[in-house]
Amino acid sequence: MNIKILRVLATAALIMSTTAIMAQKQFTLEDLNFGGTNYSNMIPQNRTLVWWGDRLVHLSDDTCYTVNLGNGKETRLFTLAKLNAALGNDKIGSLGTAVTFPYASQPLALVGGSKGYYLYNFKKGTIEYSVSKSGDEQAEAWNATSRTLARVEKDNLWVGDKQLTTDGSRDIVYGQSVHRNEFGIDGGLFWSPDGKRLAFYRMDQSMVTDYPEVTIPEVADSIDTIASLAPEKYPMAGQTSHKVTVGVYDLATGRTIYLQAGDPTDRYFTNVAWSPDGTVIYMQELNRDQNDCRLVSYDATTGKKLAELYRETDEKYVEPLHPIVFLPWDSTQFIMQSQRDGYNHLYIYDTTGKQVKQLTSGKWVVEQLVGFNTQHQSVVITSNELNPLQRNTFVVDVNTGKRALMGSDNGWHTPILSASGRYIADKYQAPDVPRHIDVINIDNGRTLSYYNAPDPWTGYTVPTYECGTITAADGVTPLYYRMVKPADFDPSKKYPTVVYVYGGPHAHNVDAGWHWRSRSWETYMAQKGYVLFILDNRGSERRGKDFEQVTFRQLGQEEMKDQMKGVEFLRTLPYVDTTRLGVHGWSFGGFMTISLMTNYPGVFKVGVAGGPVIDWKWYEVMYGERYMDTPQTNPEGYAKTSLLKKAKDLKGKLQIIIGYNDPTVVPQHALSFLKACIEAGTQPDFFTYPGQGHNMRGHQSVHLHERITQYFEDYLKPLK
């Protein structure tokens, strides 16, 4: 066969392939974006699963089923209609968001409605217990043992019908997250196991400077209404921060005491935990420099300090993220998590502060302590031991330390443990698996394949998703990347290419989830003819302490070096048009976007920076000082990482987008950079979403991503 015939056949094959692709449906942002009108139909179907003791329960929107663990068959337990009939005036819209089963041996479902909490007896069809609430609670926590509701309403703390405080305000905050949700804190109400005592945070932020946010009135009201002040308490790096104390309310005596932890100035109180008998409180206490952490115990009846059980220091920082957890079969021993050996692992200590053993070790990370199997005295964890991109489930024998893999050895797993720890409902994804659910019997390792979600993108033109590695700028460390290519990709063509970047702590972009965890906007851009490249640089999560701490006191610097290694890699690919490179990121990724465009001017033709940090001295105390120290102690680092003096180096087209009421990266960042650009004579573009915070909510997110896309379409895609 001669060359001319081969060329004709190849051309025909390409035409046929392109024609087939064109015949398939094309994505819109209404399909792909989480604010889109069709988004719910385009994500892998899921099943809401909870445990009723060791009985698995499937909660659909309108029906509750029990699942036979032998064959997966489902039996109806009750319906939404019957539940709402019993509730009377307080209707719920979906079972999956409102129902749990707190008592393993009783036919009672706990229902959280807008007007209260209810215990629904689904055998009798009646409400056995209820407690009302207003619906305006700022925080709430219900205890299953004492059946008592603690709540914060109009800034003050209530337990049951008793109001405990009267001085709650913007300045005095009760029962809510403190330290700006750092250190693993996601709430401020902590019930003892027996439900007899409630520990709670009290935060005095009267001394914290207000950031002058402004609320814009709704369009319908704007003719006659002026904007109003909505100040945000925002302690910036190096400035005065708030003071936190921990109170304890005793239901039996009606008294409130406070832990005698000393002066809370420049200290952080985190990871509050209770002893099994509810008489002792454990708390991790961290100095403001975040390099000295201590685990301290307190008498819950008097507030007196009992002992310092553990101390961990680090020349850079210590970051406690997990409260201690007692062994269910031994009230004198607990598990503590630490990455003191370089990776997050489990340690067993006793209540005298003596280390019993290090339970896990190795150059991998324990992701989560899921729970316990009391009968076998084992702990269930997830980790990335098998592969840095995976999260797999293991059972660890507490006595021997031996680990046994539960479920498949690939993908990204999210296990849900039954009450006894005997069964695992194992939800997982893999690059080619949208979602699968197994039920695993820990006793014998038997696995029931319970649910396999269909591919919601069947019939659509789907890009290709690839994963690989390059070497970091240190010349040693492997870094993982994802690449997304158009469905009709032709390696002989040149494609405009966009680098999507985050790059900061406590996040990663690439893992073994569906499509290598690709963001849906990448699919949209690939459909429009772009190649997308995403690299997890040093400083991101799940790779150990040294990998994360390389950025200490110089945020963005090592990260940029790694991202530029990614650019070097892209330059070796014949199909990447290096004259049409773009970059986009949000938050830390916005900081990285502008950093890359100004530190390496001319490399990126177009950039879109969302919610960008511009100068770390304007970021909040806890996060900012952990990674940068204070502006007073690290002036060189703050000067080096600030983008204000880089405004003069901006080349190419840059669009900055912010939420006008962003309480995380306050507008001062973007506005100051615009001012610096005006003075330097450079010309960024700017867009803001009035009334929005750090991320755009609802359908505004569709508008945002269309705007981002159009910017690249206007300035990156056209050939010279």
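Predicted model: local features only at pLDDT ≥ 70, side-chain atom pairs only at ≥ 80, totals over all residues.
Two residues are in contact when they have heavy atoms within 4.5 Å of each other. Setting aside neighbours within four places in sequence, Trp616 is in contact with Ala237, Leu555, Phe588, Phe591, Tyr623, Met628, Tyr638 and Thr641.

The largest nonpolar core has 61 residues, and Phe604, Trp616 and Phe673 are the ones that touch the most other members. Helix H7, residues 588-599, gives this core its largest share, six residues. As background, nonpolar side chains tend to be buried together in soluble globular proteins.

Next, let's look at a pair of helices. Helix H4 (residues 520-527) packs with helix H11 (residues 700-715) at an angle of about 35°, and their axes are 11 Å apart. The crossing of H4 past H11 is right-handed. On the H4 side, Trp521, Tyr524 and Met525 make the contact, while H11 brings His705, Glu706, Ile708, Thr709 and Phe712. Five of these residues are nonpolar, two are polar and one is charged.

Our last stop is a sheet. Four strands form an open sheet in the order S26-S27-S28-S29, paired antiparallel. Strands S26 (325-327) and S29 (355-358) each have a single partner strand, so one side of each has no neighbour in the sheet. From one strand to the next, the twist averages 30°. S26 pairs with strand S27 (residues 330-338) over three bridges in the antiparallel sense, and Phe326 stands opposite Phe334 in S27.

Methods. Residues numbered from 1 in each chain as written. Heavy atoms only, no water. Axes fitted to C-alpha atoms, helices over the stretch in contact; angles between N-to-C directions. Helix = DSSP H or I, 4+ residues; strand = E, 2+ residues; numbered from the N terminus. Left-handed = near helix turned anticlockwise from the far one by under 90°. Nonpolar A, V, L, I, M, F, W, Y, C, P; charged D, E, K, R; others polar. Core = buried A, V, L, I, M, F, W, Y, C linked by side-chain atoms within 4.5 Å. Buried < 20%, exposed > 50% of the residue type's maximum accessible area, 1.4 Å probe, protein only. Pairing = 2+ DSSP bridges.
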